[in-house]
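Work through the exercises below with the sequence and the model in view. Each task is followed by a solution in steps.

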Amino acid sequence: MKSSVQNAIESRISINRFQADRPLDDETITSLVTLATKAPTAFNMQNWRFIAVRSPEGKNLLKESAWGQQKIVDASVAFIICGTLSAHQQLAAALQPSVDAQIMEQRTVEGWVKQATASHENNAVLQRDEAVRSASLGAMTLMLAAEGMGLGSCPMIGFDAEQVAKDFALLPTELPLMVVVVGYPLDNNWPQKPRKPVADVLTLA
Ligand SMILES: Cc1cc2nc3c(=O)[nH]c(=O)nc-3n(C[C@H](O)[C@H](O)[C@H](O)COP(=O)(O)O)c2cc1C
């Protein structure tokens with residue numbers, strides 16, 4: 001029997017056409033992001049922020065910088081998923097709950113902070129890579145969470161990141177790396193697109 005995870009992975013498709021005017025309540029939006037934050041991040045940095053754009057004004061504003069893509073307004077919510085730079089600076093705070101829960105020892109946290117600071121502090125490329133990795137894993141987890149709730153989603157990079165940063169008052173350390181729209185699909189979306197043969201992409205070493 002297939003697991004629910006396998007079902008979610010196999011049934012997910014990028015939704016282009018959503019049922020308009022079907023809002024999601026804030027509790028459901030919060031559940032989606034709670035599940036998204038279960039995604040792993042390097043050192044458990046959790047260097048991300050999820051902006052749930054669900055007001056008509058907000059969605060229209062975002063649509064303007066997303067090349068007019070209609071699904072931004074038709075979907076129930078458009079998540080701007082930001083990855084954050086300088087994540088090592090907030091690592092101690094991010095790990096404190098693991099100390100409080102007696103999962104990690106204080107000295108282990110100090111060791112991780114030292115290690116992350118040494119590798120990330122003067123490495124802008126690594127900081128950006130880390131932001132992209134974290135936001136991408138969060139985005140994928142969010143899409144599978146949506147699938148599990150019977151909702152559809154679509155990841156999007158078709159937007160002007162600088163404009164989005166301005167319009168949604170992002171901090172200089174926050175990069176809007178992906179928009180994920182979530183809502184109720186219409187029936188006339190493309191079916192799942194075939195993938196390359198696994199033999200072309202799998203190397204057994
Ligand atoms: C990083 C990323 C950016 C994407 N950007 C857009 C986008 O701006 N607009 C859009 O309609 N689809 C976008 N897509 C959806 C892809 O076209 C889609 O995932 C791909 O064709 C595979 O189809 P599937 O997701 O249904 O399996 C994006 C997907 C990814 C992963």
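**Exercise 1: The shell around the ligand**

Sort the residues of the shell around the ligand into nonpolar, polar and charged.

Solution. The structure is a predicted model. The shell divides into 5 nonpolar, 3 polar and 4 charged residues. To check this, list the members: Arg 12, Ile 13, Ser 14, Gln 69, Lys 71, Cys 154, Pro 155, Met 156, Ile 157, Gly 158, Lys 193 and Arg 195 surround the ligand. Gly counts as polar in this sorting. As for which element gives the most to the shell, strand S3 (residues 152-156) does, with 3 residues.

**Exercise 2: Polar atoms at the ligand**

Solution. On its own the ligand has 620 Å² of accessible area, and the protein covers 64% of that.

**Exercise 3: Aromatic rings**

How are the rings of Phe 43 and Trp 112 arranged?

Solution. A search of the whole structure gives 2 aromatic pairs. In the pair of Phe 43 and Trp 112, the centres are 5.9 Å apart and the planes make 65°. Planes over 60 degrees apart count as edge-to-face, and this pair is edge-to-face. Phe 43 is in the loop between helix H2 (26-36) and strand S1 (48-53), while Trp 112 is in helix H6 (residues 106-120), 69 residues apart. Trp 112 counts as partly exposed because its relative accessibility is 30%.

Conventions. Residues are numbered from 1 along each chain as its sequence is written. This is a predicted model: local features need pLDDT of at least 70, side-chain atom pairs count only at pLDDT 80 or more; totals for chains, interfaces and linings use all residues. Side-chain values use heavy atoms; hydrogens and water are left out. Rings of Phe, Tyr and Trp (its six-membered ring) pair if their centres lie within 6.5 Å; planes under 30 degrees apart count as stacked, over 60 as edge-to-face and the rest as tilted. Helices (H or I, at least four residues) and strands (E, at least two) are DSSP runs, numbered from the N terminus. Buried means under 20% relative accessible area, exposed over 50%, partly exposed in between (1.4 Å probe, protein chains only). A residue is near a molecule or strand if one of its heavy atoms lies within 4 Å of it. Accessible areas come from the Shrake-Rupley method with a 1.4 Å probe; for residues, only the protein chains shown count as cover.
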